[in-house]
Amino acid sequence: MEFRWTLRCSSPAMLKLDTGSPKRTEVRTPKVHWRMRILAISGSLRASSSNTALLKAAIAVTPQGVDVSLYEGLGDLPHFNQDLDGEAVPQSVKDWRSSLRAADGLVFSIPEYAHGVPGTLKNGLDWVVGGDELVGKPVTLFNASPRGAYAQASLTETLTVMSAKVVSEASVTLQLLGRPFTADQIAADPDMSAALRSAIGSFVAAIDASRRGR
Ligand SMILES: Cc1cc2nc3c(=O)[nH]c(=O)nc-3n(C[C@H](O)[C@H](O)[C@H](O)COP(=O)(O)O)c2cc1C
């Protein structure tokens with residue numbers, strides 16, 4: 001199967017590590033005096049997913065004082081069906097909803113499939129469209145590839161319409177496409193780990209400001 005896609009990434013915060021573009025100054029993670037919990041959500045179920053590796057590396061480089069955990073239950077959710085909602089809602093959906101609700105912010109990293117958001121993630125979001133889990137919640141998008149602008153735009157639109165607070169300045173793009181780095185290798189790479197730490201720093205600052213109502 002061959003796909004042709006257009007490279008159209010224009011995020012101002014996008015950091016291309018291997019193209020010689022100027023690198024932004026690293027944003028240090030601010031000290032926050034409360035237990036901040038961030039949930040990381042990969043749009044890929046692949047065991048060797050570059051998006052999951054990126055998120056695991058972000059977890060590894062996050063300074064102490066901020067909890068970032070990876071949500072691993074997306075593939076267990078049933079297909080969204082309003083008839084299943086209500087009192088007898090499946091346990092996997094209850095877990096998904098409570099994980100979202102408990103998080104102070106969400107970081108997504110997703111592949112693009114046929115110019116769209118992976119169905120698994122869209123299915124997960126459909127289960128919370130009717131709830132308040134994402135309302136006012138700071139969210140940001142990390143990218144494992146400079147391609148995939150359609151999926152990024154589509155996910156941003158879905159999160160926006162669900163009233164999440166998209167923190168675009170905390171977004172970061174690494175070039176992992178075709179480079180099978182493990183999470184440990186990403187975390188050990190000075191440029192990539194600095195980019196991730198910086199993005200986490202921006203996101204933590206935005207979550208803290210959001211909580212203070214600024
Ligand atoms: C079924 C399928 C469709 C894809 N469609 C696109 C696409 O439309 N645009 C794109 O940039 N990449 C596309 N890709 C490439 C994936 O986005 C890319 O391999 C991604 O890095 C995989 O992420 P992962 O390593 O986290 O699984 C597609 C891959 C697959 C398997």
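Modeller: A nonpolar core here is a set of buried Ala, Val, Leu, Ile, Met, Phe, Trp, Tyr and Cys residues joined through C-beta atoms within 7 Å, and buried means that 20 or more other C-beta atoms lie within 10 Å of the residue's own. Please keep in mind throughout that this is a predicted model.

Colleague: Which residues of the largest nonpolar core touch the most other members?

Modeller: Of its 50 residues, those are Ala40, Leu54, Ala58, Val107, Leu196 and Phe203, and the largest share of this core, 9 residues, comes from H6. Over the chain as a whole, 38% of the 214 residues count as buried.

Colleague: What makes H1 and H6 roughly perpendicular?

Modeller: The axes of H1, residues 50-61, and H6, residues 190-211, come within 9 Å and cross at roughly 75°. Angles of 65 to 115 degrees count as roughly perpendicular, and therefore H1 is described as roughly perpendicular to H6.

Colleague: Which residues meet where H1 and H6 are in contact?

Modeller: From H1 they are Ala57, Ala58 and Val61, and from H6 they are Ser193, Leu196, Arg197 and Ile200; by class, the residues of this contact divide into 5 nonpolar, 1 polar and 1 charged. Leu196, once its neighbours within four places in sequence are left aside, is in contact with Ala57, Ala58, Val61 and Val172.

Colleague: Why is Ser193 called partly exposed?

Modeller: Ser193 has 17 other C-beta atoms within 10 Å, and since buried begins at 20 or more while exposed ends at 12 or fewer, a count in between is called partly exposed. Ser193 is found in helix H6, and with its neighbours within four places in sequence set aside it is in contact with Val61 and Ala187.

Colleague: Why does Ala114 count as exposed, and why is His115 called partly exposed?

Modeller: Ala114 has 10 C-beta neighbours inside 10 Å and therefore counts as exposed, the limit being 12 or fewer. His115 has 14 other C-beta atoms within 10 Å, so partly exposed is the term for it. Ala114 lies in the loop between strand E3 (105-109) and helix H3 (119-126), and His115 lies in the loop between E3 and H3 as well. Phi is near 50° for Ala114, a positive value in a residue other than glycine, and phi of His115, likewise a positive value in a residue other than glycine, is near 65°.

Colleague: How do you know that His33 is exposed?

Modeller: His33 has 7 other C-beta atoms within 10 Å, and the label exposed follows from that count, for which the limit is 12 or fewer. His33 is found in the segment before strand E1 (36-42), and its C-alpha is separated by 8.4 Å from that of Gly65, 32 residues apart along the chain.

Colleague: Which residues come nearest to the ligand?

Modeller: Of the 17 residues around the ligand, Ser44, Ser49, Asn51, Pro111 and Arg147 come nearest, and the shell comprises 7 nonpolar, 7 polar and 3 charged residues.

Terms used:
Residues numbered from 1 in each chain as written. Predicted model: local features only at pLDDT ≥ 70, side-chain atom pairs only at ≥ 80, totals over all residues. Axes fitted to C-alpha atoms, helices over the stretch in contact; angles between N-to-C directions. Helix = DSSP H or I, 4+ residues; strand = E, 2+ residues; numbered from the N terminus. Parallel < 35°, antiparallel > 145°, perpendicular 65-115°, else oblique. Contact = placed C-beta atoms within 7 Å. Nonpolar A, V, L, I, M, F, W, Y, C, P; charged D, E, K, R; others polar. Near = placed C-beta within 6 Å.
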